[in-house]
Amino acid sequence: MQFSLQAPSAGTHPFTLGFAFRAGDVPAGQVPVLSIAQSQCVVKNRWPDGSAKFAVVSGRCSLQANQASTLSFTAQAPTAAATDLGLAELKATGLSASIDAGSLGSAAWSGSDWDSPFLAWVAGPEMSSWIYRKPVGSDAHLVAWLEVRLYAGGAVEVLPWIENGYIRVAGSTNKSASYNFSLGGSSRFSRSIDLPHHCRTPLLDGAGLSHWLGSDPQVSVRHEPLYLQSTRLVPSYSATVPATAAAVARLPATFTPLQLGGFTAGMSTAGYQPTIGLLPEWDVLYFCTEAPGLWAGLQRNGYSAGRWSIHYRDEKTNRPLLFSSYPKTSLNASTTDDHPVAGSGTAAPAWAISHHPSVGFLAYLVSGRWFFMEQLQFAATYNYLNNVDGGPYPNRNGSAGLFKSNAGANTVRGAAWAVRTLAQAASLTPDADTALRAELIRSLEANIDFNHATFVAQPNHPFGIVTPYGDAYGTATDGKVTEAAWMQDFYTAAYGYTLAMNPSISEAARTRLGEFFAWKARSIVGRFGGTGASEWLYRDAGVYNMVVALVDLPDWDGGKGPWPASMGALYDATFSAGLPGPRSEGDLRGGNYPESTSYWGNLQPALAYAVEHGASGAQAAYDRMRAASNWGQIATDFNANPVWSVRPRR
């Protein structure tokens with residue numbers, strides 16, 4: 001339980017970061033205590049056993065210029081705390097701040113304005129943080145936001161951002177203006193921005209991650225990668241990426257509003273994208289390389305996520321929406337024709353559920369910034385809004401928030417990534433944020449219950465294939481169903497990751513999740529069989545398409561099929577035009593092997609979680625793959641493209 005701090009100048013510098021704890025390391029009834037006196041740890045989440053899960057950690061640390069200082073935690077019984085920094089101390093700094101948007105208006109804070117924060121985010125004797133908001137002038141949509149951090153000793157840090165998005169307020173359109181941010185009477189930011197509807201962006205320009213009333217101490221943070229992976233809130237990775245790798249060079253060294261950063265310009269573009277995976281490339285690098293700039297780079301990409309029109313804030317609460325408040329509302333089809341306000345003007349890039357990356361999650365986990373926590377919540381709630389609310393077709397079942405694998409708005413992969421995002425949001429929404437946290441957990445449990453009822457509680461496909469969205473890779477009358485194996489692998493991985501994160505769902509739901517994953521893992525484990533006629537040969541596990549049923553319209557809903565007798569039958573049907581090579585032991589082949597971006601890469605997280613959760617036959621399958629004489633080729637290529645290098649947790 002440790003991390004390191006570094007700064008370019010010597011001195012006693014203020015700092016704040018997020019820190020995740022492994023279940024049980026800080027037991028229920030105890031608190032994490034840092035190894036320096038001038039520090040605090042504010043626990044935001046606890047594991048189901050009551051031990052600390054996540055905390056916002058702050059303090060002041062004496063640092064030498066460009067030398068890392070390592071700080072560690074111990075678990076202790078709570079003691080009487082010093083007095084928290086309050087609003088009186090904040091006002092005593094003489095702080096003033098303003099956001100000006102030209103003809104659109106302005107928002108300003110000084111003096112007694114600081115007495116009325118939107119909410120108090122962190123309270124402590126070393127750092128207290130508040131969130132402020134004001135409409136920009138009389139504009140009905142544009143809102144100025146601040147997170148203000150006050151440190152013991154008087155240092156003040158401010159993150160300002162603008163947001164343009166409500167659910168029901170009419171007249172939603174882009175807000176183009178010259179935006180200016182002033183702090184303490186000094187201009188800190190000035191740039192023309194054309195902010196599309198339902199987008200937001202920090203008012204930053206350059207290398208800084210925030211603005212400081214005085215000088216920016218430029219403290220950088222480095223978590224211990226193996227410990228963070230051991231929490232299981234993130235996958236475990238095998239890659240070792242050189243500091244000179246192209247993936248590292250892609251990390252943004254600066255930020256400008258609405259920049260693309262590390263994202264792909266067209267989110268729904270076909271083929272490999274470094275953003276697609278359980279975590280995107282810039283997050284994975286945090287665990288796989290010792291290059292500098294990782295902590296800042298992944299936060300800049302976190303800020304960039306504001307460029308998508310996914311920020312539907314409930315104007316009644318000024319928070320991301322509660323599903324139960326909008327059971328029939330949909331950006332897609334609605335059974336009651338209930339839609340959020342339509343936007344106009346400059347269009348933002350299209351968000352694609354089927355390809356969307358994890359946004360805000362790791363940035364929040366390592367920084368503790370409220371902005372990133374809400375970014376994750378906005379992604380999860382937008383995915384809900386984008387689904388059909390009900391009707392005769394696959395749907396979300398009103399406020400239950402289902403992401404069915406055969407819903408055309410999702411596709412199998414879209415349902416996988418939506419559940420991944422939902423599980424992340426359910427796991428890290430603060431325990432005190434009771435209303436939204438409860439909704440996210442209910443939705444996650446609804447998805448678990450639906451899958452368990454469909455595929456486990458009744459007999460269903462014997463080889464772990466969830467319902468595809470039609471016969472997308474075959475024809476309606478060819479006597480079989482052809483499915484993308486890699487989509488099924490994404491779905492397996494997403495539920496394996498969810499099980500590993502151990503979200504605070506009910507014990508009954510946790511049991512059903514484990515049982516569903518054990519069933520779903522058959523789809524990856526079954527592709528690592530031997531040379532027998534009833535088996536799928538492991539050498540050909542990394543396929544693009546696979547036959548998953550031997551009739552045109554099998555019954556998935558009722559589980560009746562009819563289903564194939566063996567994986568060997570599916571193997572023969574998949575390669576009916578001729579085997580890719582001898583049905584014998586040998587090297588891994590096909591699927592663009594040995595590229596780390598290939599279908600062999602895509603399957604790694606599914607197989608890794610099958611091993612980690614003890615799925616039947618998974619360890620033997622994993623060992624068979626790694627024993628192949630050419631396994632080292634793809635293992636080496638993961639060091640260039642690490643997104644798919646997920647391994648079983650050791």
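Colleague: Over how many bridges do strand 2 and strand 5 pair?

Modeller: Strands are DSSP runs of E with at least two residues, helices are runs of H or I with at least four, and both are numbered from the N terminus. Two strands pair if DSSP finds at least two bridges between them. Strand 2 meets strand 5 (residues 52–63) in the antiparallel sense, and the number of bridges is 10.

Colleague: Thanks! What kind of model is this?

Modeller: Residues are numbered from 1 along each chain as its sequence is written, and side-chain values use heavy atoms, with hydrogens and water left out. Local features need pLDDT of at least 70, side-chain atom pairs count only at pLDDT 80 or more, and totals for chains, interfaces and linings use all residues; the model is predicted.

Colleague: Back to the strands: how many of the 10 residues of strand 2 are buried?

Modeller: Buried means under 20% relative accessible area, exposed over 50%, and partly exposed in between, with a 1.4 Å probe and protein chains only. Strand 2 is largely enclosed by the rest of the structure, because its buried residues number eight.

Colleague: How many aromatic pairs are there, and is the pair of Phe 3 and Phe 15 stacked or tilted?

Modeller: Rings of Phe, Tyr and Trp (its six-membered ring) pair if their centres lie within 6.5 Å; planes under 30 degrees apart are stacked, over 60 edge-to-face, and the rest tilted. The count is 49 aromatic pairs. For Phe 3 and Phe 15, the centres are 6.3 Å apart and the planes stand at 55 degrees, so this pair is tilted.

Colleague: Which strands does that pair link?

Modeller: Phe 3 and Phe 15 are 12 residues apart and sit in distant parts of the chain. Both are buried, Phe 3 at 2% relative accessible area and Phe 15 at 3%. Phe 3 belongs to strand 1 (residues 2–6), and Phe 15 to strand 2.

Colleague: What about Phe 323 and Tyr 384: which helix holds Tyr 384?

Modeller: Phe 323 and Tyr 384 are stacked, 4.0 Å centre to centre with 5 degrees between the planes. Phe 323 is in the loop between strand 20 (319–320) and helix 6 (361–367), 61 residues from its partner. Both are buried, Phe 323 at 2% and Tyr 384 at 1%. Tyr 384 is in helix 7.

Colleague: Nice. Which Arg lies over the face of Phe 371?

Modeller: Phe 371 is part of one aromatic cluster, whose members include Trp 145, Trp 161 and Trp 370. A charge sits over a ring if NZ of Lys or CZ of Arg is within 6 Å of the ring centre and within 35 degrees of the ring normal. At 3.8 Å from the ring centre of Phe 371 we find Arg 200.

Colleague: How many disulfides are there?

Modeller: A disulfide is taken as a pair of cysteine sulfur atoms within 2.5 Å. Cys 199 is buried at 0% relative accessibility, and Cys 288 is buried at 4%. The count of disulfides is zero.

Colleague: Last one: what is the radius of gyration of the chain?

Modeller: The chain has 17 helices and 23 strands. Radius of gyration is taken over C-alpha atoms, and the globule rule is 2.2 Å times the number of residues to the power 0.38. For 650 residues that rule gives 26 Å, and the chain comes close to it, so it is as compact as a globular protein of that length, with a radius of gyration of 25 Å.
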